[in-house]
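Here are my notes on this one, as promised. Have the model open while you go through them.

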Amino acid sequence: MLVKDTHAVWSGVRNPLAQKHLRSVKKGDRIFYYHTGDEKSVVGIAKALGDAYPDPKDPSGKASVVDVGPVKKLARPVTLAEIKADAAFKDCALVRISRLSVMPVTDAEWKRIESIAGRAGGSSRAGMAGG
């Protein structure tokens, strides 16, 4: 859907720690697109089209949002189970706090996920969704 629409507003984030991370997003930042629910997989890459800004739909003025655009779909989804099974991710926030919707990813973690996505095997599910 993000590819078809060419951009979306990343909104609906209410967890205080996730909001802290969202507020730190800057124009051009790379963003992994992760499906929650039954899939629990990194499925694509997006980019921040601008810096985080106050959510115009939040009357409290505390929440922020970010405009994002598609970059590419991964060759194959990388499942949460694969990430948890890989020792390289033992300190990754996705492993430690998997319900957190926004979190930083180190350069090493980024490269490892792209590497895993390029290998054959794993889940065949794909698509785009927020979370």
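The points below start with the ground rules and then go through the model piece by piece.

1. Ground rules. This is a predicted model, so to speak of a local feature a pLDDT of at least 70 is needed, side-chain atom pairs count only at pLDDT 80 or more, and totals for chains, interfaces and linings use all residues. Numbering runs from 1 along each chain as its sequence is written, and side-chain values use heavy atoms, with hydrogens and water left out.

2. Helix 5, overall. Helices here are DSSP runs of H or I with at least four residues, strands are runs of E with at least two, and both are numbered from the N terminus. Helix 5 covers residues 107–118, 12 residues in total, and spans 17 Å from first C-alpha to last, close to the 16 Å expected at 1.5 Å a residue. That expected span is 1.5 Å times one less than the number of residues.

3. Glu109, Trp110, Ile113, Ile116 and Ala117 are buried (under 20% relative accessible area; exposed is over 50%, partly exposed in between, with a 1.4 Å probe and protein chains only).

4. The aromatic pair. There is 1 in the structure, where a pair means Phe, Tyr or Trp rings (the six-membered one for Trp) with centres within 6.5 Å, and planes under 30 degrees apart are stacked, over 60 edge-to-face and the rest tilted. The rings of Phe32 and Trp110 are stacked, because their centres are 3.7 Å apart and their planes at 20 degrees. The pair ties strand 2 to helix 5 across 78 residues of chain, and both Phe32 and Trp110 are buried.

5. The core. Which residues of the largest nonpolar core touch the most other members? Out of 32 residues, they are Trp10, Val42, Val78 and Ile113; a nonpolar core is a set of buried Ala, Val, Leu, Ile, Met, Phe, Trp, Tyr and Cys joined through side-chain atoms within 4.5 Å. Strand 3 gives the most to this core, with 5 residues. Beyond four places in sequence, Val78 touches Lys40, Ser41, Val42, Ile83, Ile113, Ile116 and Ala117, a contact being heavy atoms within 4.5 Å.

6. Lys40. Worth a look: its phi is near 45 degrees, positive in a residue other than glycine. Most residues other than glycine have a negative phi. Lys40 is in the loop between strand 2 and strand 3 and is partly exposed at 40% relative accessibility.

7. Ser64, in strand 5, is buried at 8% relative accessible area; its contacts outside four places in sequence include Trp10, Gln19 and Tyr53. His21, in helix 2, counts as buried at 19% and touches Leu100, Val102, Met103 and Pro104, leaving out residues up to four places away.
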